[in-house]
Amino acid sequence: MERIYDDFTLIRKEAVGGPSLFDADTAEEVFRFHRSIPNYHMTDLYSLKQTARRYKVDSILIKDESTRFGLKAFKGLGGSYCMYRILCEKLGLDPLKNDFNTFLREDIRRSCAKIEFVTATDGNHGKGVSWAAKLFGCQAHVYMPKGTVEARRKAIEDAGNAKATVLDLNYDDTVRYAAGLAKEKGWILIQDTSWEGYEEIPKRIIEGYLTMAAEIGRQTKKRPTHIFLQAGVGSMAGGIESCFWERSSPFVTIVEAKEAACIYESVRIDDGMPHSILGDPITIMAGLNCGTPCEIVWPVLRDCSSAYCACDDSVTKRGMKAYAHPIGDDPRIISGESGAVTYGLLLAILEDEELRRIFRIDEDSIILLINTEGDTDPEGYEAVLNEE
Ligand SMILES: Cc1ncc(COP(=O)(O)O)c(C=O)c1O
């Protein structure tokens, strides 16, 4: 079942279809909220026409989240929508009848100023929470695992209303620490992964990501035959996968950092349950460096995906460089460590006849990727681009 290649490993299986957890109607509702935020704009959906021609496929579509809300990553979609839902509930507002404009009212802002959120993050989620806290006029406390680079910590504070602190703990333990503080201090835990008894908030965060699907639906009439989705805990991948599976049944590949490939490992163990990777994984793909799958989306990831890949850092480095130096007049895309791994992997597949067969790629394939982040760590990004 497992195949080993130079810089990635692969598990291929037939998707059986799973629960429809997130649908197009929800995506439309979330999109309605996001559109009401000042300075909202739809992120680009690029078609890499020259690249598609070279590799003899119909289309390669890239949803480019590197410009989302000025945060350089998609994650603010989840934090902002979830915070909106929490605040609506606290303030007795109907979330379906209001939008961000309600939160410009003086009385509402006075109430929001007393509310404090807490979260753990490897970077982008925390930045989204900090930004959303400022948007709504609340406060946030953000905790980060050991090894976090200073640029990522500072970017969180600069993005909005948060105090960001790096702990001497791995990611999963940082999540537990934040959860403990929430109990102790009465702060609201706004975490982008779920566990037993903690489902409502991560579900709202995942719903927030669906704006990407709503936008893609407006940006192209083409239905992707193949979708490559990078995963940390798998919340984003599972949410988007669920939304697309409702409409058609694309060939979905879940792509992870090899050292933290908890979804891959869970599929490999094959007892139907999610499993954690223990220890302190090291990878440049900071956003994917999570050791425990999100329980809400696990059934979707398990049952709707056709392939799982665990990639070395070299795969994402290739993707970062290829996005930065496109073929012909294809657009140049700035893609960071966690954003480019799907593209590096796709290029490796497209160049190999056997892999093309395994992934069922041919001249009619419409391939969708999400560039989930830009140069969130500018120094790291430059270092990779300047490597030989
Ligand atoms: C840039 C980027 N891409 C992908 C992901 C993976 O998202 P998830 O943890 O929902 O799988 C993250 C998570 O932080 C991220 O920051």
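Helix 10 hands over the largest share of the shell around the ligand, 3 residues. Keep in mind that this is a predicted model.

**Around the ligand**

- There are 21 residues around the ligand, and the ones that come nearest are Asn124, Gly232, Ser235, Gly287 and Thr372.
- Two elements give two or more residues to this shell: helix 5 (124–136) and helix 10 (235–247).
- By residue class, the shell splits into 10 polar, 7 nonpolar and 4 charged residues.

- Eight strands make up an open sheet with mixed pairing, and their order reads 1-2-11-10-9-12-4-3.
- Strand 1 (2–4) and strand 3 (45–47) are the edge strands; each has a single partner strand, so one side of each has no neighbour in the sheet.
- On average, neighbouring strands here are turned by 20° against each other, ignoring direction.

**Strands 3 and 4**

- Strand 3 runs antiparallel to strand 4 (residues 59–64), and 3 bridges join the two.
- Serine 47 has leucine 61, in strand 4, as its bridge partner.

**A helix on the sheet**

- Helix 14 (residues 341–350) packs on the sheet, where it touches strand 2 (8–12), strand 9 (226–230), strand 10 (251–257), strand 11 (307–311) and strand 12 (366–371).
- The direction of helix 14 makes about 135° with that of strand 9.

Technical notes. Residues are numbered from 1 along each chain as its sequence is written. This is a predicted model: local features need pLDDT of at least 70, side-chain atom pairs count only at pLDDT 80 or more; totals for chains, interfaces and linings use all residues. A residue is near a molecule or strand if its C-beta atom, placed from the backbone, lies within 6 Å of it. Helices (H or I, at least four residues) and strands (E, at least two) are DSSP runs, numbered from the N terminus. Ala, Val, Leu, Ile, Met, Phe, Trp, Tyr, Cys and Pro count as nonpolar, Asp, Glu, Lys and Arg as charged, and the others, Gly among them, as polar. Two strands pair if DSSP finds at least two bridges between them. Axes are lines fitted to C-alpha atoms, for helices over the stretch in contact, and angles run from 0 to 180 degrees between N-to-C directions. Two residues are in contact if their C-beta atoms, placed from the backbone, lie within 7 Å.
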